[in-house]
Amino acid sequence: MRLPRRFYQWVGMTLTLGVMAYCFGMGLRDGKERGVAPHAAAQPASPRVFAARDNRHTIVVDVAQRVSPAVVSIGVTRLTGERQFDPFGGEFFSPYNLIMRERDYPYLGSGFIIDQKGHTLTNYHVVQDANSINITLTDGRSFKAKLLDADSFVDIALLRIEGLAPGEKLPTIELGDSDSIMIGESVLAVGNPYGPLLADPRPSVSLGVVSAVNRSFRSQQQQIYQDMIQTDAAINPGNSGGPLINLDGEAIGINTFIFSRSGGSENIGFSIPSNRARRVVDEILKFGKVRDIRLDFEFINVSQYVVQVLGLKVGTGVLVTNLDAAGPADRAGLKRGDVIVAINKRAIADSRDLLDQFLSRTVGENIAITVRRGEQSVDLTYRIEEGGAR
(Lines give C-alpha, C1' and ligand atoms only; values in the text may rest on other atoms or scores of the structure.)
Protein backbone atom coordinates (compact mmCIF):
# COMPACT_ATOMS: atom_id res chain seq x y z
CA MET A 1 0.00 0.00 0.00
CA ARG A 2 1.50 3.36 -1.01
CA LEU A 3 1.09 6.11 1.61
CA PRO A 4 0.30 9.72 0.65
CA ARG A 5 3.21 12.17 0.26
CA ARG A 6 1.86 14.34 3.08
CA PHE A 7 2.31 11.42 5.50
CA TYR A 8 6.09 11.39 4.89
CA GLN A 9 6.29 15.15 5.29
CA TRP A 10 4.45 14.92 8.62
CA VAL A 11 6.80 12.16 9.88
CA GLY A 12 9.92 14.18 8.89
CA MET A 13 8.65 17.30 10.67
CA THR A 14 7.80 15.34 13.79
CA LEU A 15 11.28 13.78 13.99
CA THR A 16 12.97 17.16 13.46
CA LEU A 17 10.98 18.83 16.24
CA GLY A 18 11.73 15.90 18.52
CA VAL A 19 15.49 16.14 17.99
CA MET A 20 15.44 19.91 18.60
CA ALA A 21 13.47 19.48 21.81
CA TYR A 22 15.90 16.80 23.02
CA CYS A 23 18.97 18.98 22.34
CA PHE A 24 17.37 21.97 24.06
CA GLY A 25 16.56 19.87 27.09
CA MET A 26 20.12 18.54 27.30
CA GLY A 27 21.43 22.07 27.12
CA LEU A 28 19.26 23.14 30.06
CA ARG A 29 20.36 20.07 32.01
CA ASP A 30 24.02 20.75 31.31
CA GLY A 31 23.64 24.35 32.38
CA LYS A 32 21.95 23.39 35.64
CA GLU A 33 24.64 20.82 36.47
CA ARG A 34 27.38 23.44 35.98
CA GLY A 35 25.46 26.19 37.72
CA VAL A 36 25.51 28.35 34.61
CA ALA A 37 22.58 30.17 33.08
CA PRO A 38 21.45 28.81 29.69
CA HIS A 39 22.41 32.05 27.95
CA ALA A 40 25.91 32.25 29.52
CA ALA A 41 27.63 30.93 26.39
CA ALA A 42 26.69 34.14 24.60
CA GLN A 43 28.35 36.39 27.22
CA PRO A 44 31.55 38.30 26.24
CA ALA A 45 33.43 36.62 29.10
CA SER A 46 33.42 33.19 27.49
CA PRO A 47 36.69 31.20 27.57
CA ARG A 48 36.73 31.15 23.78
CA VAL A 49 36.84 34.95 23.60
CA PHE A 50 39.69 35.12 26.13
CA ALA A 51 41.61 32.46 24.21
CA ALA A 52 41.41 34.59 21.07
CA ARG A 53 42.79 37.57 22.96
CA ASP A 54 45.68 35.51 24.37
CA ASN A 55 46.59 34.33 20.89
CA ARG A 56 47.27 37.92 19.84
CA HIS A 57 50.28 38.03 22.16
CA THR A 58 52.63 36.20 19.81
CA ILE A 59 56.39 35.77 19.96
CA VAL A 60 56.68 38.70 17.53
CA VAL A 61 54.83 40.96 19.98
CA ASP A 62 57.01 39.75 22.84
CA VAL A 63 60.27 40.35 20.94
CA ALA A 64 59.15 43.78 19.73
CA GLN A 65 58.25 44.87 23.25
CA ARG A 66 61.53 43.54 24.60
CA VAL A 67 63.94 45.16 22.12
CA SER A 68 62.23 48.46 21.27
CA PRO A 69 63.41 50.36 24.40
CA ALA A 70 67.06 49.72 23.40
CA VAL A 71 66.61 51.25 19.93
CA VAL A 72 67.52 54.95 19.87
CA SER A 73 67.16 57.89 17.52
CA ILE A 74 70.34 59.67 16.46
CA GLY A 75 70.57 63.32 15.54
CA VAL A 76 73.65 65.31 14.50
CA THR A 77 74.80 68.85 13.85
CA ARG A 78 76.95 69.56 10.81
CA LEU A 79 78.70 72.56 9.35
CA THR A 80 77.34 73.49 5.96
CA GLY A 81 78.69 76.16 3.65
CA GLU A 82 76.45 78.94 2.33
CA ARG A 83 77.63 81.49 -0.22
CA GLN A 84 77.34 85.06 0.96
CA PHE A 85 75.34 87.51 -1.16
CA ASP A 86 77.59 89.79 -3.24
CA PRO A 87 75.99 93.25 -3.40
CA PHE A 88 78.26 94.20 -6.31
CA GLY A 89 77.07 91.29 -8.46
CA GLY A 90 80.57 89.97 -9.00
CA GLU A 91 81.07 86.60 -10.64
CA PHE A 92 84.39 85.91 -8.95
CA PHE A 93 84.04 83.33 -6.17
CA SER A 94 86.11 83.83 -3.05
CA PRO A 95 86.32 81.53 -0.03
CA TYR A 96 85.67 84.63 2.05
CA ASN A 97 82.17 84.71 0.61
CA LEU A 98 81.46 81.23 1.97
CA ILE A 99 79.79 81.28 5.38
CA MET A 100 79.84 78.10 7.45
CA ARG A 101 76.68 77.54 9.44
CA GLU A 102 75.86 74.82 11.94
CA ARG A 103 72.66 72.96 11.09
CA ASP A 104 70.74 70.45 13.16
CA TYR A 105 69.56 67.14 11.72
CA PRO A 106 67.35 65.64 14.43
CA TYR A 107 66.23 62.00 14.23
CA LEU A 108 68.55 61.49 11.27
CA GLY A 109 69.00 57.77 11.82
CA SER A 110 68.73 54.94 14.32
CA GLY A 111 71.02 52.92 16.55
CA PHE A 112 70.85 50.41 19.39
CA ILE A 113 72.46 50.10 22.81
CA ILE A 114 74.60 46.97 23.26
CA ASP A 115 75.79 47.23 26.89
CA GLN A 116 75.29 48.95 30.22
CA LYS A 117 78.14 51.39 29.51
CA GLY A 118 75.99 53.03 26.87
CA HIS A 119 77.90 51.76 23.84
CA THR A 120 75.66 52.19 20.82
CA LEU A 121 75.99 50.78 17.31
CA THR A 122 74.92 52.61 14.17
CA ASN A 123 75.99 53.18 10.57
CA TYR A 124 78.98 55.39 9.94
CA HIS A 125 77.09 57.33 7.25
CA VAL A 126 74.56 58.42 9.92
CA VAL A 127 77.20 60.26 11.97
CA GLN A 128 79.70 61.09 9.22
CA ASP A 129 81.04 64.68 9.38
CA ALA A 130 79.05 65.37 12.56
CA ASN A 131 80.20 68.18 14.85
CA SER A 132 78.07 66.81 17.65
CA ILE A 133 75.87 63.76 18.13
CA ASN A 134 72.67 63.52 20.12
CA ILE A 135 70.93 60.29 21.16
CA THR A 136 67.26 60.21 22.12
CA LEU A 137 65.85 57.24 24.02
CA THR A 138 62.32 55.95 23.52
CA ASP A 139 61.23 57.61 26.78
CA GLY A 140 62.16 61.02 25.32
CA ARG A 141 65.39 61.60 27.25
CA SER A 142 68.25 63.04 25.20
CA PHE A 143 71.98 62.62 25.74
CA LYS A 144 75.14 63.74 24.04
CA ALA A 145 77.11 60.92 22.47
CA LYS A 146 80.78 60.50 21.64
CA LEU A 147 82.02 58.84 18.48
CA LEU A 148 84.64 56.39 19.76
CA ASP A 149 85.68 55.34 16.26
CA ALA A 150 84.29 53.93 13.04
CA ASP A 151 85.20 51.66 10.19
CA SER A 152 84.22 53.90 7.31
CA PHE A 153 84.79 51.16 4.74
CA VAL A 154 82.24 48.76 6.24
CA ASP A 155 79.95 51.61 7.42
CA ILE A 156 79.92 50.82 11.15
CA ALA A 157 80.33 53.35 13.97
CA LEU A 158 80.51 52.85 17.73
CA LEU A 159 79.15 55.63 19.96
CA ARG A 160 79.03 56.02 23.73
CA ILE A 161 76.21 57.80 25.54
CA GLU A 162 77.55 60.57 27.78
CA GLY A 163 76.09 61.97 31.00
CA LEU A 164 74.36 58.86 32.31
CA ALA A 165 73.48 58.87 35.99
CA PRO A 166 75.65 56.58 38.16
CA GLY A 167 74.20 53.08 38.30
CA GLU A 168 71.55 53.84 35.68
CA LYS A 169 70.24 50.70 34.00
CA LEU A 170 69.91 50.81 30.25
CA PRO A 171 67.88 48.58 27.96
CA THR A 172 70.24 46.63 25.70
CA ILE A 173 70.18 44.30 22.69
CA GLU A 174 72.59 41.39 22.41
CA LEU A 175 74.46 40.74 19.18
CA GLY A 176 73.55 37.37 17.70
CA ASP A 177 75.47 35.02 15.41
CA SER A 178 74.90 36.13 11.83
CA ASP A 179 76.67 33.01 10.51
CA SER A 180 73.73 30.91 11.73
CA ILE A 181 71.09 32.85 9.77
CA MET A 182 68.61 30.73 7.85
CA ILE A 183 66.98 31.96 4.64
CA GLY A 184 63.26 32.25 5.31
CA GLU A 185 63.49 32.82 9.06
CA SER A 186 61.36 35.63 10.49
CA VAL A 187 63.06 38.91 11.39
CA LEU A 188 62.05 42.36 12.65
CA ALA A 189 63.50 45.61 11.36
CA VAL A 190 63.37 48.15 14.20
CA GLY A 191 64.18 51.84 13.86
CA ASN A 192 62.85 55.33 13.42
CA PRO A 193 61.81 55.70 9.76
CA TYR A 194 61.10 59.26 8.60
CA GLY A 195 62.13 60.48 12.04
CA PRO A 196 62.57 64.15 11.04
CA LEU A 197 58.99 64.21 9.77
CA LEU A 198 57.50 62.50 12.81
CA ALA A 199 59.76 64.08 15.46
CA ASP A 200 59.02 61.06 17.62
CA PRO A 201 61.81 58.96 19.23
CA ARG A 202 59.67 55.85 19.59
CA PRO A 203 60.75 53.21 17.06
CA SER A 204 58.54 51.31 14.69
CA VAL A 205 58.68 47.61 13.88
CA SER A 206 58.29 45.86 10.53
CA LEU A 207 58.12 42.10 10.09
CA GLY A 208 59.61 40.05 7.29
CA VAL A 209 61.97 37.20 6.52
CA VAL A 210 65.59 36.77 5.57
CA SER A 211 65.36 36.78 1.78
CA ALA A 212 69.01 36.01 1.01
CA VAL A 213 72.52 36.16 2.46
CA ASN A 214 76.03 36.89 1.18
CA ARG A 215 74.96 39.77 -1.07
CA SER A 216 77.89 42.10 -1.88
CA PHE A 217 77.88 45.64 -3.27
CA ARG A 218 80.14 48.56 -4.06
CA SER A 219 79.18 52.05 -2.93
CA GLN A 220 79.93 55.30 -4.73
CA GLN A 221 80.91 56.68 -1.33
CA GLN A 222 83.67 54.01 -1.05
CA GLN A 223 81.79 51.90 1.47
CA ILE A 224 82.32 48.16 1.03
CA TYR A 225 79.27 46.02 1.68
CA GLN A 226 80.33 42.37 1.82
CA ASP A 227 78.09 39.39 2.62
CA MET A 228 75.04 41.52 3.35
CA ILE A 229 71.75 40.12 4.65
CA GLN A 230 68.77 40.76 2.38
CA THR A 231 65.33 41.10 3.97
CA ASP A 232 61.82 41.98 2.86
CA ALA A 233 61.05 43.65 6.21
CA ALA A 234 60.24 47.27 5.37
CA ILE A 235 63.23 49.60 5.77
CA ASN A 236 62.87 53.33 5.06
CA PRO A 237 65.02 56.48 5.41
CA GLY A 238 65.74 56.89 9.12
CA ASN A 239 65.95 53.14 9.72
CA SER A 240 69.69 53.21 8.96
CA GLY A 241 71.68 51.98 11.94
CA GLY A 242 68.76 50.17 13.56
CA PRO A 243 68.89 46.46 14.33
CA LEU A 244 67.61 43.50 12.35
CA ILE A 245 66.22 41.22 15.08
CA ASN A 246 65.66 37.47 15.07
CA LEU A 247 62.91 35.78 17.11
CA ASP A 248 65.39 35.17 19.95
CA GLY A 249 65.53 38.96 20.39
CA GLU A 250 69.12 39.19 19.12
CA ALA A 251 70.49 41.69 16.62
CA ILE A 252 71.76 39.70 13.64
CA GLY A 253 72.32 42.74 11.45
CA ILE A 254 72.47 46.52 11.17
CA ASN A 255 69.91 47.91 8.72
CA THR A 256 71.84 49.96 6.18
CA PHE A 257 70.25 50.62 2.79
CA ILE A 258 67.49 49.66 0.38
CA PHE A 259 66.94 49.18 -3.33
CA SER A 260 64.19 51.56 -4.34
CA ARG A 261 62.96 53.50 -7.35
CA SER A 262 60.72 55.78 -5.28
CA GLY A 263 62.90 56.31 -2.20
CA GLY A 264 60.47 54.32 -0.07
CA SER A 265 60.57 50.69 0.95
CA GLU A 266 60.08 48.14 -1.82
CA ASN A 267 60.83 45.17 0.43
CA ILE A 268 64.44 44.89 -0.72
CA GLY A 269 66.56 45.97 2.25
CA PHE A 270 70.08 45.08 3.30
CA SER A 271 71.75 44.73 6.68
CA ILE A 272 75.39 44.43 7.72
CA PRO A 273 75.96 41.04 9.44
CA SER A 274 76.27 41.23 13.22
CA ASN A 275 79.50 39.21 13.27
CA ARG A 276 81.20 41.89 11.18
CA ALA A 277 79.87 44.57 13.54
CA ARG A 278 81.10 42.57 16.55
CA ARG A 279 84.65 42.48 15.17
CA VAL A 280 84.62 46.28 14.76
CA VAL A 281 83.24 46.75 18.28
CA ASP A 282 85.85 44.43 19.80
CA GLU A 283 88.60 46.23 17.86
CA ILE A 284 87.55 49.66 19.13
CA LEU A 285 86.97 48.62 22.74
CA LYS A 286 90.29 46.77 22.95
CA PHE A 287 92.57 49.14 21.03
CA GLY A 288 90.65 52.41 21.15
CA LYS A 289 90.39 52.55 17.36
CA VAL A 290 90.03 50.49 14.22
CA ARG A 291 93.63 49.60 13.41
CA ASP A 292 94.88 50.04 9.86
CA ILE A 293 95.70 46.84 8.01
CA ARG A 294 98.92 45.94 6.25
CA LEU A 295 98.75 45.08 2.57
CA ASP A 296 102.29 43.83 1.94
CA PHE A 297 102.21 42.82 -1.71
CA GLU A 298 101.86 44.62 -5.03
CA PHE A 299 99.59 43.50 -7.85
CA ILE A 300 98.14 44.36 -11.26
CA ASN A 301 95.01 43.31 -13.08
CA VAL A 302 95.21 40.34 -15.38
CA SER A 303 94.53 41.82 -18.81
CA GLN A 304 94.59 40.21 -22.23
CA TYR A 305 98.01 41.79 -22.83
CA VAL A 306 99.40 40.39 -19.57
CA VAL A 307 98.01 36.95 -20.40
CA GLN A 308 99.72 36.93 -23.80
CA VAL A 309 103.06 38.29 -22.59
CA LEU A 310 103.36 36.00 -19.56
CA GLY A 311 101.54 33.03 -20.98
CA LEU A 312 99.10 32.83 -18.08
CA LYS A 313 96.53 30.05 -17.92
CA VAL A 314 93.74 32.30 -16.60
CA GLY A 315 91.97 35.26 -18.18
CA THR A 316 90.91 37.20 -15.05
CA GLY A 317 92.32 37.77 -11.58
CA VAL A 318 95.10 39.75 -9.93
CA LEU A 319 98.77 39.10 -10.65
CA VAL A 320 101.20 39.39 -7.72
CA THR A 321 104.21 41.43 -8.90
CA ASN A 322 106.10 41.93 -5.64
CA LEU A 323 105.84 41.23 -1.91
CA ASP A 324 107.64 42.11 1.30
CA ALA A 325 110.08 39.62 2.71
CA ALA A 326 108.91 37.88 5.89
CA GLY A 327 105.53 39.64 5.72
CA PRO A 328 102.11 38.00 6.09
CA ALA A 329 101.94 37.30 2.34
CA ASP A 330 105.34 35.64 2.40
CA ARG A 331 104.40 33.60 5.48
CA ALA A 332 101.15 32.55 3.81
CA GLY A 333 103.15 31.14 0.88
CA LEU A 334 102.22 33.74 -1.73
CA LYS A 335 104.78 34.11 -4.52
CA ARG A 336 105.57 36.56 -7.32
CA GLY A 337 103.77 35.46 -10.47
CA ASP A 338 100.81 33.96 -8.57
CA VAL A 339 97.41 34.95 -9.90
CA ILE A 340 94.84 35.48 -7.13
CA VAL A 341 91.55 34.13 -8.47
CA ALA A 342 89.42 33.84 -5.29
CA ILE A 343 89.29 35.07 -1.70
CA ASN A 344 87.07 33.21 0.75
CA LYS A 345 85.65 31.32 -2.25
CA ARG A 346 84.53 34.57 -3.89
CA ALA A 347 85.86 35.10 -7.41
CA ILE A 348 88.38 37.95 -7.83
CA ALA A 349 88.07 39.58 -11.25
CA ASP A 350 90.26 42.64 -10.67
CA SER A 351 92.11 44.73 -8.12
CA ARG A 352 88.90 46.39 -6.91
CA ASP A 353 87.54 42.98 -5.89
CA LEU A 354 90.76 42.24 -4.02
CA LEU A 355 90.74 45.58 -2.18
CA ASP A 356 87.09 45.12 -1.25
CA GLN A 357 87.96 41.83 0.41
CA PHE A 358 90.96 43.20 2.31
CA LEU A 359 89.60 46.59 3.35
CA SER A 360 86.44 45.05 4.80
CA ARG A 361 88.52 43.00 7.28
CA THR A 362 89.96 43.79 10.68
CA VAL A 363 93.42 43.00 12.03
CA GLY A 364 93.74 39.36 13.11
CA GLU A 365 91.25 37.89 10.63
CA ASN A 366 92.26 34.96 8.46
CA ILE A 367 91.24 34.91 4.82
CA ALA A 368 91.43 32.00 2.38
CA ILE A 369 93.23 32.88 -0.86
CA THR A 370 93.13 30.70 -3.96
CA VAL A 371 95.87 31.29 -6.54
CA ARG A 372 96.79 29.84 -9.90
CA ARG A 373 100.47 28.97 -10.03
CA GLY A 374 101.25 27.73 -13.50
CA GLU A 375 99.01 24.73 -14.07
CA GLN A 376 98.21 24.31 -10.37
CA SER A 377 95.53 25.74 -8.10
CA VAL A 378 96.91 26.47 -4.62
CA ASP A 379 94.97 27.35 -1.44
CA LEU A 380 96.63 29.66 1.08
CA THR A 381 95.67 31.21 4.42
CA TYR A 382 96.55 34.88 4.85
CA ARG A 383 96.38 36.50 8.30
CA ILE A 384 95.61 40.23 8.34
CA GLU A 385 98.23 42.25 10.27
CA GLU A 386 98.44 45.85 11.41
CA GLY A 387 100.25 48.19 9.11
CA GLY A 388 100.04 51.49 7.26
CA ALA A 389 97.00 53.59 6.60
CA ARG A 390 94.25 52.06 4.49
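User: Where is the place of Gln223?
Analyst: Gln223 lies in the loop between strand S8 (204-218) and strand S9 (224-231); strands are DSSP runs of E with at least two residues, numbered from the N terminus. This is a predicted model, in which local features need pLDDT of at least 70, side-chain atom pairs count only at pLDDT 80 or more, and totals for chains, interfaces and linings use all residues. Residues are numbered from 1 along each chain as its sequence is written, and side-chain values use heavy atoms, with hydrogens and water left out.

User: Is Gln223 buried or exposed?
Analyst: Gln223 is buried, at a relative accessible area of 6%. Buried means under 20% relative accessible area (1.4 Å probe, protein chains only).

User: What does Gln223 touch?
Analyst: Leaving out residues up to four places away in sequence, Gln223 touches Tyr124, Ser152, Phe153, Asp155 and Arg218, where contact means heavy atoms within 4.5 Å. The side chain of Gln223 also reaches the backbone oxygen of Ser152 at 3.5 Å.

User: Changing topic, how many cavities of 30 Å³ or more does a search of the whole structure find?
Analyst: The search finds one. A cavity is a set of points, on a 1 Å grid over the protein atoms alone, where a 1.4 Å probe fits but cannot get out.

User: Which residues line the largest cavity?
Analyst: Its lining consists of Val154, Ile224, Tyr225, Gln226, Met228, Ile272, Pro273 and Arg276; lining residues have an atom within 4 Å of a point.

User: Which strand gives the largest share of that lining?
Analyst: S9 does, with four residues. S9 and strand S12 (269-273) each supply at least two.

Key
Buried means under 20% relative accessible area, exposed over 50%, partly exposed in between (1.4 Å probe, protein chains only). A polar contact is a pair of N or O atoms within 3.5 Å; within protein, one must be able to donate a hydrogen and the other to accept it, and residues adjacent in sequence count only if both atoms are side-chain atoms. On a 1 Å grid over the protein atoms alone, a cavity is a set of points where a 1.4 Å probe fits but cannot get out, and a pocket is an open set with protein on both sides within 12 Å along at least five of seven lines; lining residues have an atom within 4 Å of a point. Grid points are joined across faces, edges and corners, and a volume is the space filled by probe spheres set on the points.
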